[in-house]
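Please consult the sequence and the coordinates as shown below.

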Amino acid sequence: MHNTRYTLIFTLILTIVSATILSLLFFGTKDRADLAAKIFEKRAILSSVNTLLDKDVSKMTDQEVLDVFNNQVQEEAVDTKGNQIEQSQILAAGYKGGLPEDIDMAKERKKPEDQRMYPVYVFDNKGEKVYILSIRGNGLWDEIWGNVAVKNDFNTIVGASFDHKGETPGLGAEIKDNPAFSAKFRGKELYNDQGNYISVQVVKGGVKDPPHQIDAISGATITSNGVSEMMFRGIKEYEAYFNKQKG
Amino acid sequence: MAEATVKEAVIEKEPFFGKKEKKLLTDPLNDNNPITVQVLGICSALAVTSLVYPSIVMAIAVTLVVAFSNLFTSMLRTYIPKQVRMIVQLVIIATLVTVVELILKAFNYAIWKQLSVFIGLIITNCIVMGRLEAFAMANKPWRSFLDGIGNGLGYGGILVIIAIIRELFGKGTLFAGSPAAMNIIGPSNEITKYWINTASDHGVGAWFGSWYLNNNLMVLSSASIFIIGIIIWIHRSVNKKLVDIS
């Protein structure tokens with residue numbers, strides 16, 4: 001039987017050793033992990049314009065993703081009035097790095113509307129600009145988010161990609177896992193013939209208004225409603241920016 | 001008599017990889033399987049098995065964690081104060097799990113995103129704690145290490161079997177999202193992200209399209225409890241040794 005003193009010293013040494021190992025490993029892998037996280041995000045952004053790329057995003061190597069992003073994508077940050085936001089303002093909002101891609105949509109959602117900032121990724125499709133917008137909303141269990149690519153008429157959707165934090169695999173998680181779901185958004189329109197903003201709705205039981213509606217995922221009503229809500233509210237926040245760009 | 005003494009002498013020498021060592025590896029695969037016989041680690045078998053690829057990653061992660069925590073605990077077993085042995089074991093397990101998580105995050109971010117919750121749960125996986133208490137505290141490091149590998153593989157094997165059944169019948173795919181599926185299958189087409197996809201209208205999927213519907217129950221975690229039950233049933237009717245144990 002060991003005495004108390006031995007027990008204390010033993011546990012102390014064990015704790016210090018394991019803490020040292022972990023902190024060394026953490027700082028050793030931090031750069032790589034951060035880079036991996038960025039590439040993951042960029043893949044998600046690029047997959048919304050997958051049809052315009054020479055190579056499928058899921059087949060690109062990490063380096064290819066970075067190359068496409070660096071060569072063909074211009075990042076901008078805008079506020080809800082459509083004004084450009086400078087790097088200093090992004091830094092002031094507490095995002096290290098100061099790039100539009102560093103903006104955390106989850107934090108922006110909680111701010112009052114006039115203080116929010118949003119990233120816009122302008123994708124250069126052989127001279128023609130495609131605007132990729134970031135949107136975020138709620139699914140059934142947790143947050144869902146996505147990237148929607150819009151043509152330079154600010155009406156036609158070129159493509160979309162979605163992701164989620166904890167939707168049910170096989171049901172709500174299909175928004176990300178099933179490429180057929182995001183493919184349905186291609187060619188849909190944000191404005192109706194009268195020029196009113198109605199975005200794209202995810203509906204159950206048959207599409208009645210093809211340019212503005214797509215079929216819901218069966219068994220995932222709340223996630224589908226979440227996508228509808230996010231598509232409406234999220235893109236509306238960019239409306240001022242659209243109008244400024246149109247001039 | 002003479003034979004017996006000879007045999008004992010051989011055992012005393014303790015070959016590096018003898019019969020006993022081999023048994024440590026093969027026992028958990030069949031006679032002493034962590035899931036179907038010891039009934040440990042059921043929670044993670046329910047949670048991660050909706051797809052094959054994450055299950056394989058999980059199996060490898062658990063195998064590494066059990067093997068190395070067995071090894072370290074066994075190395076320290078004479079020094080660990082009995083009063084705090086459980087906490088010491090937990091520190092060792094938690095350290096190793098965090099190491100696995102950090103490495104995964106840096107080298108396979110997509111899988112880390114998918115598994116991050118469950119990786120944390122390896123710490124509470126009963127198999128790890130169970131093997132430390134039952135084996136590593138009383139055996140030498142090398143043997144404990146082998147016992148860990150054996151149990152990890154025994155657990156992983158069942159995990160992969162469940163995952164194959166669930167993914168095939170639930171989603172109609174196999175190896176969805178795995179790099180193997182993405183690279184081997186070839187031409188860039190979103191639908192060929194899978195080896196088999198009964199929901200697609202390309203390739204093998206086209207043949208399924210007209211008459212087959214995926215079973216949504218298989219997607220839910222509750223399906224794996226049925227599958228585990230059936231696996232235990234089959235296991236016991238094949239291996240008669242198990243019938244009287246419980």
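Is the crossing of α4(B) and α5(B) left-handed or right-handed?

## Helix packing in chain B

The crossing of α4(B) and α5(B) is right-handed, the near helix being turned clockwise from the far one by less than a right angle. The model is predicted: local features need pLDDT of at least 70, side-chain atom pairs pLDDT 80 or more, while totals for chains, interfaces and linings use all residues. Residues are numbered from 1 along each chain, chains are lettered from A and ligands numbered from 1 as written, and side-chain values use heavy atoms without hydrogens or water.

The axes (lines fitted to C-alpha atoms over the stretch in contact, with angles from 0 to 180 degrees between N-to-C directions) of α4 (residues 52-76) and α5 (residues 85-107) of chain B come within 9 Å and cross at roughly 140°. Helices are DSSP runs of H or I with at least four residues, numbered from the N terminus. Among the contacts (heavy atoms within 4.5 Å), α4(B) contributes residues including Phe68(B) and Phe72(B), and α5(B) residues including Ile93(B) and Val97(B).

## Salt bridges

Over all chains there are 16 salt bridges, each a side-chain nitrogen of Lys or Arg within 4 Å of a carboxyl oxygen of Asp or Glu. One joins Arg43(A) to Asp62(A), with the closest N and O atoms 2.8 Å apart. Because Arg43(A) lies in helix α1 and Asp62(A) in helix α2 (residues 62-72) of chain A, the pair ties together parts 19 residues apart in sequence.

Definitions and conventions: Helix = DSSP H or I, 4+ residues; strand = E, 2+ residues; numbered from the N terminus.
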